[in-house]
Amino acid sequence: VQLVESGGGLAQPGGSLRLSCVASGFTFSDKAMSWARQAPGKGLEWVSGIKSDGSATYYLDSVKGRFTISRDNAKNTVYLQMNNLKPEDTALYYCGNHNYDTVYGPVDAWGQGTLLTVSS
């Protein structure tokens, strides 16, 4: 399994950014996917998840209405569109593949992460 995140960087409060995660080594279209983040000095926090066919999406309360998860199974890619960014969104963002088509089950692997810094 290989998961490669990209798209992180420096954003201003209120700004937008889109993260991407390209997956390989498993049947992407069969598995639910999630994004999680780790802020400096804190533990890993689940942020959002999506079922294999994109029919259902799930969000951490603090990002609802600001973040949108989506996927393109033809490109083996999952995205996280982040709008109205806040300084507290600053973190290393990881994507992960679930063992099954549910975001409530365990994650098989996480990528290396992409860093988002929100600051003026």
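A disulfide, defined as a pair of cysteine sulfur atoms within 2.5 Å, joins Cys21 to Cys95 with an S to S separation of 1.8 Å. The bridge connects distant parts of the chain, 74 residues apart, with Cys21 in strand β3 (residues 17-24) and Cys95 in strand β9. Under the stated criterion, the count is one disulfide. Strands (E, at least two residues) are DSSP runs, numbered from the N terminus. The structure is a predicted model, in which local features need pLDDT of at least 70 and side-chain atom pairs count only at pLDDT 80 or more, while totals for chains, interfaces and linings use all residues. Residues are numbered from 1 along each chain as its sequence is written, and side-chain values use heavy atoms, with hydrogens and water left out.

Accessibility was classed as buried (under 20% relative accessible area), exposed (over 50%) or partly exposed (in between), with a 1.4 Å probe and protein chains only. Cys21 is buried because its relative accessible area is 0%, and Cys95 is likewise buried, at 0%.

Strand β9 (residues 91-98) also contains His98, which is buried because its relative accessibility is 2%. Contact denotes heavy atoms within 4.5 Å. With residues up to four places away in sequence not counted, His98 touches Lys31, Ala32, Met33, Ser34, Val103, Gly105, Pro106, Val107 and Asp108.

Thr57 lies in strand β6 (residues 57-59) and is partly exposed, with a relative accessibility of 35%. Apart from neighbours within four places in sequence, Thr57 contacts Gly49, Ile50 and Ile69. The C-alpha atoms of Thr57 and Tyr100 are separated by 15 Å, the two residues being 43 residues apart along the chain.

Key. Helix = DSSP H or I, 4+ residues; strand = E, 2+ residues; numbered from the N terminus.
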